[in-house]
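Hi,

Here is the structure I promised to pass on. Have a look at it first, and my notes on what turned up follow below.

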Amino acid sequence: MINFTYHNPVKIVFGKGTIPELKDLVPSGHKVMLLYGGGSIKQNGVYDQIRNALSEFDVTEFSGIEPNPRYETCMRAAAQAKEQKAQFLLAAGGGSVMDAAKFIAVAALYDEAVDPWEIMEHRKPVAAALPIGMVVTLPGTGSEMNSFSVISRESSGEKLAFGSPHCYPKFSILDPETTFSIPMRQVENGIVDTFAHVMEQYMCAAGSAPLTERQAEALLLTVIEQAPKLLANPKDYELRANLMWCATIALNGSLGCGVETEDWSSHMLGHELTARYGLDHARSLAVMMPAVHRHQLKRKLPRLVQCAARVWNISAINDLVRADKAVDRMEEFFRQTGMSTRLYEYKIDANEAADITVERLSKRGVMLGENGDLGPKEIREIFMLAK
Ligand code: NZQ
Ligand code: ZN
């Protein structure tokens, strides 16, 4: 087990009927700016619950944050926050609204003369951010209990991530009842994103941190067990609640404790697919993750064999066959969850996608893989496995 520091300061308020607790969670007297997306919170009653809970507060609003939130939209929100002297940001939505809130919180305090995009482009550390609270309406990204954010820039076609301890929400409210209105496509997305977050951390860990590995396996097993039930019974509160909590735990940092390395290749490649072709985040992962694991089968052999035995209950004659079957089962799970897993199914040319991705990653000097040694050649090979 390697040394680690784990500090996650996010207060989680979980369960039915918890949105009214906002009145005690938001610091009293603070001027609040409510951030939301295209209006789903108005249709499912979340907006009214929030406004009622905050009836004693001075609240302004910024709406229209789009899926894969744009820098350009966030900058408008940050300008409004500055102008209206907002002291607290409240994000109500899925990963896009929550991620946008983190960037807006930073941009609202940024020096006018400097473009805050530098925190993504040049990995400039964040110096300060407005405090943020969240009401989660779409589980999957885990943004509600982590310090990461992914923002897309329309003018350059880039989709880049940043993270900072200043961006942890002060609290997140998770009321599973808010998820009943999610279209099935987004339910499927949340399930696959959760699964993928566990894999990106777990697939490097064999033997180094047994407890963390078993926590990852418990999460995978729970998702594999609960997801088909939820897809068949979308009105079941218990299933909604279980998967909502899985999504939060999958990316709150706890699955990284003590493990030697992580490998976020599928996410890095997936972000490029979303930036260029507009695939939903989870759908990009369902395409790239099986291909990455097939490409890295030998390097990840011990972990894949462990995953085959403990998660998929596969007993094959030799390790290579077991590992291979574990990847097949993952792809099958994605397909059963409603995903396409090949580029051709999206009418994406694998050569073109590989060229664009290689060019972008090379320009940024990014290498992939758990040892940071996957470059243009390997990326092209991965795209060929995904075609
Ligand atoms: O905009 P509204 O009207 O709210 O509608 C949204 C949106 O159209 C809708 N929706 C959300 N909750 C709903 C609902 N519709 C009905 N009822 C509800 N209760 O769902 C649509 C998609 O929402 P979005 O927030 O875009 O989806 P998701 O949660 O999948 O977020 C995706 C974004 O998160 C980033 C992704 O890259 C992507 O930009 N990620 C963030 C991460 C993080 N911060 O740690 C990690 C992830 O790997 C991911 O990269
Ligand atoms: Zn993800």
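Let's start with two helices: H11 and H13 are roughly antiparallel to each other (angles under 35 degrees count as roughly parallel, over 145 as roughly antiparallel, 65 to 115 as roughly perpendicular and the rest as oblique). Before going on: this is a predicted model, where local features need pLDDT of at least 70, side-chain atom pairs count only at pLDDT 80 or more, and totals for chains, interfaces and linings use all residues. Residues are numbered from 1 along each chain as its sequence is written, chains are lettered from A and ligands numbered from 1 in the order in which they are written, and side-chain values use heavy atoms, leaving out hydrogens and water.

Back to the helices (helices are DSSP runs of H or I, at least four residues, and strands are runs of E, at least two, numbered from the N terminus). Helix H11 (residues 281-295) packs on H13 at about 175 degrees, with the axes 10 Å apart; axes are lines fitted to C-alpha atoms, for helices over the stretch in contact, and angles run from 0 to 180 degrees between N-to-C directions. On the H11 side, the residues that meet H13 include Leu285, Met289 and His293, and on the H13 side Val327, Met330 and Phe334 are among them (contact means heavy atoms within 4.5 Å).

H12 (residues 301-310) has Arg303, Leu304, Val305, Gln306, Cys307 and Ala308 buried, where buried means under 20% relative accessible area, exposed over 50% and partly exposed in between (1.4 Å probe, protein chains only). Those buried residues pack against H7, H8 (210-232), H11 and H13.

Now the rings. The whole structure holds 10 aromatic pairs: rings of Phe, Tyr and Trp (its six-membered ring) pair if their centres lie within 6.5 Å, with planes under 30 degrees apart stacked, over 60 edge-to-face and the rest tilted. Phe14 and Trp245 sit 5.9 Å apart, centre to centre, with planes at 70 degrees, so they are edge-to-face. Phe14 is in strand S1 (residues 11-14) and Trp245 in helix H9 (residues 237-250), so this pair ties together parts 231 residues apart in sequence. Phe14 is partly exposed at 33%, and Trp245 is partly exposed at 37%.

Phe195 and Phe333 make a tilted pair, 5.1 Å between centres and 35 degrees between planes. Phe195 belongs to H7 (residues 184-202) and Phe333 to H13 (residues 319-336), 138 residues apart; both are buried.

Cheers
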